[in-house]
Amino acid sequence: MSKRRRGIAAMIAATLVVFAAIGTAAPAAAAAAGPAALAATGADVMPWLIAGGVALLAGLAAVLVGVVRRRRS
């Protein structure tokens, strides 16, 4: 496997780990909180912010890889 493919595979694996952590952390945190004095209004946007940040970093990495490849060829 080429160095580039290993890097892409590592990026994908890291992204999947982050998404798995987001999916399992939210219900456990809500159950552990117990009864609240006020009703929960609004949405929990933290998983979306994390996923967006990961997607942004993956996009920046892809652009950087493209620029480096064009300069070397």
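Is Leu16 buried or exposed? Leu16 is exposed, as its relative accessible area is 54% (exposed means over 50%, buried under 20%, and partly exposed in between, with a 1.4 Å probe and protein chains only).

## About the model

This is a predicted model, where local features need pLDDT of at least 70, side-chain atom pairs count only at pLDDT 80 or more, and totals for chains, interfaces and linings use all residues. Numbering runs from 1 along each chain as its sequence is written, and side-chain values use heavy atoms, leaving out hydrogens and water.

## Fold and surface

You will find two helices and zero strands here (DSSP runs numbered from the N terminus: H or I of at least four residues for helices, E of at least two for strands). Leu16 sits in helix α1, residues 3-33. Of the 73 residues in the protein, 4% are buried.

The protein has an accessible surface of about 6,200 Å², and carbon and sulfur atoms hold 71% of that (Shrake-Rupley method, 1.4 Å probe; for residues, only the protein chains shown count as cover).

## The largest pocket

Now to the pocket (an open set of points on a 1 Å grid over the protein atoms alone, where a 1.4 Å probe fits, with protein on both sides within 12 Å along at least five of seven lines; lining residues have an atom within 4 Å of a point). Lining residues of the largest pocket include Ile8, Met11, Leu64 and Arg72. Helices α1 and α2 (46-72) each supply at least two residues of this lining.
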